Each structure stands twice: as structure tokens, then as C-alpha cells.
Amino acid sequence: MMTASTRPLNRFVHRGWGRVARVYDFPPVQRLMYRPPQDEIIARLAVHGGRRVADVGCGTGILASRIRADLPVETVYGFDAAAGMLRRARARTDRVLWRQRPAEDLGLAEGELDAVVSTHAFPFFNHGPAVAEFHRVLRPGGLLALVVFNPEGPLTGVLQPALVREAMYWPSPGEMRTMLADSGFEVVEQRRVRRPLFGTSLVRDVVTVAERR
Ligand SMILES: C[S@@+](CC[C@H](N)C(=O)[O-])C[C@H]1O[C@@H](n2cnc3c(N)ncnc32)[C@H](O)[C@@H]1O
């Protein structure tokens with residue numbers, strides 16, 4: 001799926017993810033790589049509250065399913081552009097409303113959600129349209145929590161050549177704060193994801209939490 005507002009190469013990106021869906025849930029990778037940011041999101045949602053939550057770029061649906069199972073929510077949406085990822089998500093549970101739609105066009109009503117979360121998917125989105133869409137579907141005071149790798153440091157320049165930007169772009173923590181502040185959000189917290197296991201602390205990912213003004 002692609003709309004006018006997705007990144008130019010997004011169709012190839014999410015097709016690619018659809019193909020790796022089969023191996024994506026390999027337990028060691030999930031536990032070491034993806035679980036720590038998901039734990040942070042669950043903890044943040046538990047504090048903030050909120051009954052209508054969307055996980056955007058939900059992949060195989062692990063985080064959305066955990067939100068549904070662990071928190072006192074009414075409605076959880078899992079959005080992803082990749083059919084292959086959503087196939088696995090649907091097999092996981094039918095208690096989440098799975099939607100094959102791009103982040104830039106969620107197709108929800110204005111102010112419908114209390115929280116939008118996303119882990120390791122935001123770099124693939126077209127940032128401006130996606131953030132505008134999150135703002136549109138969140139109620140005032142609604143929570144936005146995004147986890148992305150920090151491209152600053154040794155990987156700068158390797159990760160961000162111009163060509164790759166057609167497919168993905170990792171915003172730095174500063175760029176993320178500016179983008180959200182300029183789009184009607186107040187950034188309330190930004191810090192590194194806690195990674196308790198030795199070795200995985202080399203992974204520099206950052207959680208940015210904001211509230212819709
Ligand atoms: C690295 S996976 C992350 C999945 C999951 N959030 C996790 O933490 O395991 C990135 C996901 O973003 C999805 N994606 C890429 N571009 C997208 C877009 N424009 N809209 C919605 N999902 C998109 C991909 O299909 C893929 O499932």
C-alpha cells in the first residue's frame with residue numbers, strides 16, 4: 001500500500017518487511033532487540049492511562065497484543081503497511097483491530113485516540129505527514145511515544161546517505177524534538193531506552209514522549 005504522502009520508496013520497504021515476517025519473531029532477536037523498547041512503552045502507557053491506543057508500524061503485532069493483554073484498554077489498533085506482517089499479527093490475536101494502512105493515513109476520526117505508539121518503524125514513515133496524522137487522530141492531551149535509533153555517533157553518515165532517505169531516515173533526538181514541537185506536540189520526555197542485558201546497551205535507541213497540545 002502506498003499513498004501520495006508516503007516516502008517514495010516505501011512500497012519496496014514494506015514489501016521487504018512483509019517477506020521477512022516469517023522469521024521476524026525469532027525469539028532471541030525479539031528478546032534482545034525489540035522487547036526493551038516495548039517494555040518502556042507499556043510502562044509509559046500504564047502511567048498515562050488511555051483506553052483507545054494505536055501501535056503504528058506494528059509489525060507482527062507483539063506490542064499491540066501486549067497492550068491489549070496487560071493494560072485496561074478498550075480498543076487497540078495495530079497498523080502496518082505490510083500484508084505479510086499483519087498476517088502474523090492476525091494469527092496472534094483477534095482482540096486487536098489490525099489495519100493494513102500507512103502511518104500517513106490511518107483512516108480514523110479526528111481525536112479518536114488517547115495514545116499513539118510506535119517502535120522502530122518511524123524512520124520508514126514520511127515524517128511530516130505521519131506526525132500530522134498522529135496529531136489529527138489524537139485527542140488534546142493524548143500521548144505520542146516513538147522509539148527510534150539514534151543516528152548520532154559512529155553510524156552518522158553511514159545510515160543517512162541521500163539515496164536511503166527515499167526509503168528511511170533516522171531523526172536525531174534534536175530533530176525529533178523540533179519536529180514534534182513544530183507540529184503541535186509538547187515533548188515531555190526523551191531518553192535512551194534502558195537495555196539491561198550486557199551487549200545490547202550498545203544499541204542506541206531513544207524514546208521520545210510527547211503530548212498533543
Ligand atoms: C522494524 S519493523 C518494527 C515492527 C514493530 N514495531 C517492532 O517493534 O517489532 C518496521 C515496520 O514498519 C512497517 N512500515 C514501514 N513503512 C510503513 C508505513 N508507511 N506505514 C505503516 N507501517 C510501515 C513495516 O512494514 C514494518 O512492519
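## Pocket, cores and salt bridges in a predicted model

Helix α1 contributes the most to the lining of the largest pocket, with 5 residues. This is a predicted model, in which local features need pLDDT of at least 70, side-chain atom pairs count only at pLDDT 80 or more, and totals for chains, interfaces and linings use all residues. Residues are numbered from 1 along each chain as its sequence is written, and side-chain values use heavy atoms, with hydrogens and water left out.

The largest pocket holds about 500 Å³ of space. A pocket here is an open set of points on a 1 Å grid over the protein atoms alone, where a 1.4 Å probe fits, with protein on both sides within 12 Å along at least five of seven lines; lining residues have an atom within 4 Å of a point. The volume is the space filled by probe spheres set on the points. Its lining comprises 35 residues, and Gly 57, Asp 80, His 120, Ala 121 and Phe 124 lie nearest the centre. Two or more lining residues come from each of α1 (10-24), α2 (27-48), β1, α3 (62-70) and β2. Helices (H or I, at least four residues) and strands (E, at least two) are DSSP runs, numbered from the N terminus. By class, the lining has 21 nonpolar, 10 polar and 4 charged residues, with Pro counted as nonpolar and Gly as polar.

The largest nonpolar core has 25 residues, and Val 56, Phe 122 and Phe 134 touch the most other members. Such a core is a set of buried Ala, Val, Leu, Ile, Met, Phe, Trp, Tyr and Cys residues joined through side-chain atoms within 4.5 Å. At least two of its residues come from each of β1 (52-56), β2 (75-80), β4 (113-119), α5 (127-137), β5 (138-149) and α6 (173-182). Apart from this core lies another, of 23 residues, including Leu 86, Trp 98, Val 117 and Ala 145. Beyond residues up to four places away in sequence, Val 56 touches Phe 79, Ala 103, Leu 106, Val 116, Val 117, Ser 118, Ala 121, Phe 125 and Phe 134. Contact means heavy atoms within 4.5 Å.

Thr 119 lies in strand β4 and counts as buried at 10% relative accessibility. Buried means under 20% relative accessible area, exposed over 50%, and partly exposed in between (1.4 Å probe, protein chains only). Leaving aside neighbours within four places in sequence, Thr 119 is in contact with Pro 37, Gln 38, Ile 41, Gly 57, Leu 63 and Val 147.

The structure holds 14 salt bridges, each a side-chain nitrogen of Lys or Arg within 4 Å of a carboxyl oxygen of Asp or Glu. Three of these pairs are tabulated.

| Salt bridge | N to O distance |
|---|---|
| Asp 25 and Arg 88 | 3.9 Å |
| Arg 92 and Asp 25 | 2.7 Å |
| Asp 114 and Arg 139 | 2.8 Å |

Asp 114 in strand β4 and Arg 139 in strand β5 tie together parts that are 25 residues apart in sequence. Asp 114 is buried, at 6% relative accessibility, whereas Arg 139 is partly exposed at 28%. Salt bridges with shared partners also join Glu 40, Arg 44, Glu 189, Arg 191 and Arg 194 into one network.

Asp 25 is partly exposed, with a relative accessible area of 22%. Arg 92 lies in helix α4 and Asp 25 in the loop between α1 and α2, so this pair ties together parts that are 67 residues apart in sequence. Arg 92 is partly exposed, at 35%, and Arg 88 is partly exposed, at 34%.
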